[in-house]
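Please walk through this structure with an eye on its charged side chains.

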Amino acid sequence: MKSSLKIFTCFISFGIFLSTTETGAQNQERITPPGKPSKVKSIDDFSNHCFEIYNTVFVYDSLVQTGVEIPAEIEDEIAADIEARIDSLSDIVPDMIGEVDGAPLMRKLRAAGSLNKSRKAITYMLQFTKKYTLGNGEAEGENISSTEN
């Protein structure tokens, strides 16, 4: 079943990149992960996990906005995958502060930049979750792409 999810994700990702019809809310730009690692292991792991989850959410949101019908089995697999990744994300958080305190200044600055990009990705994911749990009618006024700047 995992291979079908990977194939489906690759197929849909390819379709999104080839799609040329973009309007309004579909003009979202993907938030890019940090370019350089901060060399603080827990911060880098946190940032990598955040962007793995973000990429899955972004692709799903793009598919929904373009009107692609996603089968219920695939939605369940995506939700289970995101839940597992979030659980692994919460295991990293307790070590972050201790590792940053002992790091040199330049590593702290890179770590802050990585955390800032991760914050933007988390904000997008929270707004996505709010939008789809409350329904499109109540969240129409919110523009998710405005938090990317």
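What follows covers salt bridges first, then surface patches.

This is a predicted model, where local features need pLDDT of at least 70, side-chain atom pairs count only at pLDDT 80 or more, and totals for chains, interfaces and linings use all residues. Residues are numbered from 1 along each chain as its sequence is written, and side-chain values use heavy atoms, without hydrogens and water.

The structure holds 3 salt bridges (a side-chain nitrogen of Lys or Arg within 4 Å of a carboxyl oxygen of Asp or Glu). Asp45 pairs with Lys41 at 2.9 Å, N to O. Both sit in helix H2, 4 residues apart, about one turn of the helix. Helices are DSSP runs (H or I, at least four residues), numbered from the N terminus. Asp45 is partly exposed at 26% relative accessibility, and Lys41 is exposed at 57%. Buried means under 20% relative accessible area, exposed over 50%, partly exposed in between (1.4 Å probe, protein chains only).

Asp61 bridges to Lys131, with the closest N and O atoms 3.9 Å apart. This pair links distant parts of the chain: Asp61 is in helix H2, Lys131 in helix H4, 70 residues apart. Both residues are buried.

Now the surface. Lys36, Lys39, Arg107 and Arg110 form a positive patch. Patch residues have over 30% relative accessible area and no salt bridge; like charges are joined within 9 Å, nonpolar side chains (Val, Leu, Ile, Met, Phe, Trp, Tyr) within 5 Å. Lys39 lies in the loop between helix H1 (2-18) and helix H2 (41-66). Arg107 is in helix H4 (residues 105-134). Leu105, Met106 and Leu109 make a nonpolar patch of about 350 Å².

Conventions: Areas by Shrake-Rupley, 256 points an atom, 1.4 Å probe, with all protein chains shown as cover. Lys, Arg positive; Asp, Glu negative; His and termini not counted. Charge placed at Lys NZ, Arg CZ, Asp CG, Glu CD. Helix = DSSP H or I, 4+ residues; strand = E, 2+ residues; numbered from the N terminus.
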